[in-house]
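Please look through the sequence and the 3D structure shown here before reading on.

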Amino acid sequence: MIEAADNSKFTSERILVLTPAGNDAGNTAFVLQQAGLTATICPDLVELTDDFLKGAGALLIAEEALSLDNLPRLMQTLSEQPHWSDVPVILITSVSNSSEAGEHLLKLFTPHGNVTLIERPLRPISLISTLQAALRARRRQYELRKFLEQQQENLTRIQEDERRFRAVFNQQFQLMAILSPEGIVTEVNDLPFKLTGISREDVLGKVFWETPFWENLPEMKCAWPERLTRAAQSKEPVLSFDRYEQRDGGVRIADSAVTAIRDSAGQVEFFIVQASDITERKQAEEALRKSEERYRTLVSQVKDFAIFTMDIDGRITSWNEGVQRVFGYDQAEFIGNNVARDFTPKDVANGVPERELADARKNGTASNDRWMLRKDRTLFWASGVTTSLRGSNGEIIGFTKVLRDLTEQKKMEQELRDSREILREHAEDLEERVHERTAKLQETISELEAFSYSVSHDLRAPLRAMQGYSQFLLEDYCDNLDETGRDYVRRISTAATRLDKLIQDILTYSRVARAEIHTRPIDLEKLFTDVIQSYHMLQRAQIHVRRPLLPVLGHEGSLTQSISNLLGNAVKFVPKDRKAEVNIWTEERDGKIRLNFQDNGIGIAPEYQKRIFNMFEQAHFTQSYEGTGIGLAIVRKAAERMDGEVGVESELGKGSTFWIELPKVEGA
Amino acid sequence: MLKTILLVEDNEDDVVFMRRAIKHAAVTESVQVVTDGQDAVDYLAGIGKFEDRRQYPMPRIVLLDLKLPRKGGLEVLQWIRSQPRLSRIIVLVLSTSRERSDIVKAYELGANAFLVKPPAYQQLAEMVEAIKIFWLGFNEFVLPE
């Protein structure tokens, strides 16, 4: 289309020329150029049509150049020109042709274009004047186009303004009305109708204060005319604040503005009435006000906490009474000062006040636990927090600091720490002493071990000598002694034997008590077989082992010792007329294995049942049952060393059941 | 040839018992007794008062107590085994001790046996009888050159 074409002077003023090549094409171009006109020579009709689409002032076409093949396209293009455009077409026709041909051409072009016929022979002056006239007409067309475009633009802008105004007007979250100077409603925005359900027809064209909006509000019916009167007299809007008591008892709050709009003569042209329901906002404001008041009251009444605000540089902007109590400053001395004044000189030198604010700025809060200075420059332990305050856009506008004087607690903590330190020192001291004692004890034990060794060696040697010489006496000098003498010698020998046994038992006990013990699973059946085979005394008794014997965790040496002691006792403490019988069995009790030795012996009186496991405690002090009183103590000590227990159930005269309880073998 | 037994024993009673048991069992006519470890070493080395081998012949068996004056039994044993001439002599440790550490040590140092002194003479007699049968009977030995 033409609009798309280059709009420059060159294209809008140029003349597109189509003449048969050679003939008078060159002449025509020359003539036009001489006249100061711009000509574009087109080789054929197709190119001319295309060029025309890019913009042209006029077309100059020689009749001979037209061919019927291409003509329809030109006609089409000409007929599709925009409504402002009617490009002048000057056709050059020859006199030699009949006037019929010219008529034919005119008929052909006229419906589509603004055609002027020029007959040959061409006179340059008439060609130029014709073209200039055509260009003038064409220029007017372009001007018209420009004017039309501007008009269109203005219209669009006005429509857009109106649309926006309507949208704003209707989207107002308030009542907005335009009233005539007499108070007749000419416009109302949509919202009041949506909110009230009142129809637009009941409002438009009515007197504003008589519309259904104010149906139940008689005081408003009086108020509006009065406000309009005042607005008419004032350059400022008339502002009011209304409470509407509603039928349901609720109260709505609204504010309103009436503005008079005047014409150029200063007469009121119309009024704009705006009213908005601000109940929720008022309630929120009221709630906020109350909350602020409560907060202020709270802050001012809190005495134990110093609460104050600072600007972004740490300058104090507000305070509470707690400040006076904690710091000792009064309001005038406190507000306006930089908080750094209350830090210790050392903290100030180390940049602590700035760092604290930087931390609060970065993290929202920063802890304030440190020694600070009171007004009298004494130190107190301040414990609190600094919080950044943000403005409505999120920017930091200052800080609050809430802190308490926890000097007493701090002192107590310190004292507690001191006490702990003392305690720790004591503990160390004690530990050291324990070490010393342990070392001494170790030494004593070593001495005891040495003593045991010498007991076993030195003490037993004389006993063996006594036994030996008694025997030699009886062997070699039997005839020289009477029966009493021989009895004495035998008694010497027996006493020596008993003492020897006693010493051996004590050695066994000390060995069991102090030897290193590592427990491992023990096959009790094998152990019993070994023990029974190695003691002659046991082979005289009937020993029934109830198989299977459950395996236990124990120490073989200690267990062998214990079993032989218990078996020994079982066959020893039997009345003379009775054959010793012993039943052996194991049972699981509470996750442990109990090994039982049931005998048919003389039994143990209840009062002795506990004591017999102590060293040198024997239930039977008669000569008939010989013993050292250490055997059961050895058993108990051995059991304890293997994480076990020993015990006995017995009835006097009916036999006893001794038991050893040992840990079971896991997974066995 | 005499089957000399060297008894290293400081306890007079034990010496009496041992002599009696050896005599009873008719083990040998030749029992030599030294009462401390140093004398035992000197005897075996044939030095000092034990120079005369006719009077103090090289023993077939040494019965060695552990607890001895001047030089302990284990020390004596260690010395014996360090002497090329004596390294194969039969040494029977005879002690009142049953301490495992003593037993282990004695074997490690090359004792041929570790015998605990029996508590009663009767058993000592049996033991000496056994020594006669085993160590002087079945057992083969090598004489020191």
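Predicted model: local features only at pLDDT ≥ 70, side-chain atom pairs only at ≥ 80, totals over all residues.

Residues are numbered from 1 along each chain as its sequence is written, and chains are lettered from A and ligands numbered from 1 in the order in which they are written.

**The two chains**

- Chain A has 20 helices and 22 strands, whereas chain B has 5 helices and 5 strands; helices (H or I, at least four residues) and strands (E, at least two) are DSSP runs, numbered from the N terminus.
- Of the 668 residues of chain A, 25% are buried, and in chain B buried residues make up 34% of 145; a residue is buried if 20 or more other C-beta atoms, placed from the backbone, lie within 10 Å of its own.
- Among contacts in chain A with a separation of 6 or more, 58% are between residues 24 or more positions apart, where two residues are in contact if their C-beta atoms, placed from the backbone, lie within 7 Å.
- In chain B, 69% of the contacts between residues at least 6 apart in sequence join residues at least 24 apart.

**The sheet of chain B**

- Read from the N terminus, the elements of chain B follow the pattern β-α-β-α-β-α-β-α-β-α.
- The 5 strands form an open sheet with parallel pairing, in the order β2-β1-β3-β4-β5; two strands pair if DSSP finds at least two bridges between them.
- Because β2 (31-34) and β5 (113-116) of chain B each have a single partner strand, they stand at the edges, and one side of each is left without a neighbour in the sheet.
- Neighbouring strands of this sheet are turned by 20° against each other on average, direction ignored, the axes being lines fitted to C-alpha atoms, for helices over the stretch in contact, with angles that run from 0 to 180 degrees between N-to-C directions.
- Strands β1 (residues 5-8) and β3 (residues 61-64) of chain B pair in the parallel sense over 4 bridges, and B:Val8 stands opposite B:Leu64 in β3(B).

**Two packed helices in chain B**

- The axes of helix α2 (residues 37-45) and helix α3 (residues 73-82) of chain B come within 9 Å and cross at roughly 20°, which makes α2(B) roughly parallel to α3(B), a description used for angles under 35 degrees.
- Residues of this contact include B:Val41 and B:Leu44 of α2(B) as well as B:Trp79 and B:Ile80 of α3(B).

**A sheet in chain A**

- An open sheet of 5 strands in chain A has the order β7-β6-β10-β9-β8, with antiparallel pairing, and its edge strands are β7 (185-188) and β8 (238-245), each of which pairs on one side only.
- In chain A, 8 bridges join β8(A) to the antiparallel strand β9 (residues 251-262), and A:Asp242 stands opposite A:Ala254 in β9(A).
- Helix α8 (residues 218-233) of chain A lies across β8, β9 and β10 (268-277), running at about 40° to β9(A).

**Where the chains touch**

- In the contact between the chains, 11 residues of chain B meet 11 residues of chain A.
- On the side of chain B, the largest share, 3 residues, comes from helix α1 (residues 12-24).

Methods. Buried ≥ 20, exposed ≤ 12 C-beta atoms within 10 Å, placed from the backbone. Parallel < 35°, antiparallel > 145°, perpendicular 65-115°, else oblique.
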